[in-house]
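Here is a briefing on a predicted model.

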Amino acid sequence: MDKVLVACRAGVGSSLMLKVKLNEVKNEQNWPIQVEHTSLDELDSFDGKVVVCLSDVAEELNKSGNYKDKEIVGIKSIINKNEIATKVGEALKEANIIK
């Protein structure tokens, strides 16, 4: 099963809340993924293809150029399941995890 990482700066606040919502969406969509969460410090050791974080963090990660092998998804609203489903779904397709 493919892993999706939800990350925030500290790994305890927004990433945990976003993980809960992403798991709800995952179950509704029947996506074959395992959702994990952590701080940005652990990002280098993540071996999955998709990373989900808040939009400002995603912008920083994309600008750094260090994660070109990963689909970085920026979410504006932690509670907006439609946004999460749309953006993460697109990333899962790009990573060839779903069709």
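**Core packing and a lysine on a helix**

The largest nonpolar core holds 21 residues, and Leu-22, Trp-31, Val-50, Val-52, Val-88 and Leu-92 touch the most other members. A nonpolar core is a set of buried Ala, Val, Leu, Ile, Met, Phe, Trp, Tyr and Cys residues joined through side-chain atoms within 4.5 Å. Buried means under 20% relative accessible area, exposed over 50%, partly exposed in between (1.4 Å probe, protein chains only).

**Cores**
- Strands S1 (2-8), S2 (33-39), S3 (50-54) and S4 (71-75) and helices H1 (14-29) and H3 (81-94) each supply at least two residues of this core.
- Helices (H or I, at least four residues) and strands (E, at least two) are DSSP runs, numbered from the N terminus.
- H3 gives the most, with five residues.
- A second, separate core has 12 residues, including Leu-5, Ala-7, Phe-46 and Ala-58.

**Trp-31**
- Beyond four places in sequence, Trp-31 touches Leu-22, Val-25, Lys-26, Ala-85, Val-88, Gly-89, Leu-92 and Ile-98 (contact: heavy atoms within 4.5 Å).

**Lys-81**
- Lys-81 lies in helix H3 and is partly exposed, at 27% relative accessible area.
- Val-25 is 56 residues away from Lys-81 in sequence, yet 6.6 Å away in space, C-alpha to C-alpha.
- Side-chain polar contacts join Lys-81 to Glu-28 at 2.6 Å and to Glu-24 at 3.4 Å.
- A polar contact is a pair of N or O atoms within 3.5 Å; within protein, one must be able to donate a hydrogen and the other to accept it, and residues adjacent in sequence count only if both atoms are side-chain atoms.

**Basis**
- Residues are numbered from 1 along each chain as its sequence is written, and side-chain values use heavy atoms, without hydrogens and water.
- In this predicted model, local features need pLDDT of at least 70 and side-chain atom pairs count only at pLDDT 80 or more, while totals for chains, interfaces and linings use all residues.
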